[in-house]
Amino acid sequence: MDLLDLMIDFHKDALRQGPGSDQETKRALMFIDNLSDNSKIIDIGCGTGAQTMTLAENTSGKIVAIDMLPVFLEKLNEKILDKKLENRVTTECRSMLELPYPDNAFDLIWAEGSIYNIGFIKGLQDWKRILKAGGYIAVSEISWLTDTRPQEVEKYWTQNYAEIDTISNKIAVIEANGYTPVAHFVLPESCWIENYYQPILDRSEDFLKKYDYAEDLKQFIEAGRIEADIYKRFKEYYSYVFYIAKKKYDHNI
Ligand code: SAM
């Protein structure tokens, strides 16, 4: 097994592949009006679908959940069948870099902990085409919570995600790219620790044992441990922030 397969194997049994919670998904959903039985929703970078299931249980339209990893989608397909949601929720294995849907195809674009894979600005720009005017986009994105911060955390995150920025700059980017900002809120600590890092730390030792402490696997686990440690020490300086915005009616911007 190469490292990518090991990483997929490590994350596939987790409830979520990034910080979040059912409660925060529902909180973001509360800002979105006009959804009906006819609404079309796309969940981009769905992973094993924690938020897909919350969306399905709290909306009545059709949802297409996309991810580039078939192993994650198999897990989500099991959940969809288990809840008998197959008439409303489908999965498609594809890249978020190329979404072959017609213009204005969706009423709502959802991307929890995933827009960083295409980049915040590029995601907002590229995905706008498939969103109806007046439709909503809801994304969570790592953001600075303060104007200044210790050098250690600044260096760590700018090296790992160059687009990290303050909330006000993220909102300015949203507005400059053809959307009206509707709301934003900061994900609480429980989304990071209880729902994401602690389950990872709890699984690490057994997983290392399963693969005989392979060197590249040890490095991958250590990178996760460092990330969790940075979060614990510097959590007042950054978090995932949920941004909810509406596509403007004027396309010519
Ligand atoms: N939304 C899920 C959650 O919050 O649990 C998953 C978040 S995880 C941090 C990011 C997801 O994006 C992974 O499932 C990964 O496979 C997917 N992903 C990464 N790059 C992608 C791409 N280019 N196209 C589609 N999916 C991608």
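How many salt bridges does a search of the whole structure find? The count is 17, where a salt bridge is a side-chain nitrogen of Lys or Arg within 4 Å of a carboxyl oxygen of Asp or Glu.

Before the details, the ground rules. This is a predicted model, in which local features need pLDDT of at least 70 and side-chain atom pairs count only at pLDDT 80 or more, while totals for chains, interfaces and linings use all residues. Residues are numbered from 1 along each chain as its sequence is written, and side-chain values use heavy atoms, with hydrogens and water left out.

One of the salt bridges joins Lys-210 to Asp-9, with the closest N and O atoms 3.2 Å apart. Lys-210 belongs to helix α8 (residues 189-210) and Asp-9 to helix α1 (residues 3-12), so this pair ties together parts 201 residues apart in sequence. Helices here are DSSP runs of H or I, at least four residues, numbered from the N terminus.

Now the ligand. Around the ligand are 19 residues, of which Gln-17, Gly-45, Asp-67, Met-96 and Glu-112 come nearest; near means a heavy atom within 4 Å. That shell divides into 6 nonpolar, 9 polar and 4 charged residues, with Gly counted as polar.

Next, the polar contacts, meaning pairs of N or O atoms within 3.5 Å. A backbone N or O atom of Met-96 is 2.8 Å from a ligand nitrogen. For Glu-112, a polar backbone atom lies 2.8 Å from a nitrogen atom of the ligand. The protein buries 92% of the 600 Å² that the ligand exposes when taken alone, by the Shrake-Rupley method with a 1.4 Å probe.

Note on methods
A polar contact is a pair of N or O atoms within 3.5 Å; within protein, one must be able to donate a hydrogen and the other to accept it, and residues adjacent in sequence count only if both atoms are side-chain atoms. Helices (H or I, at least four residues) and strands (E, at least two) are DSSP runs, numbered from the N terminus.
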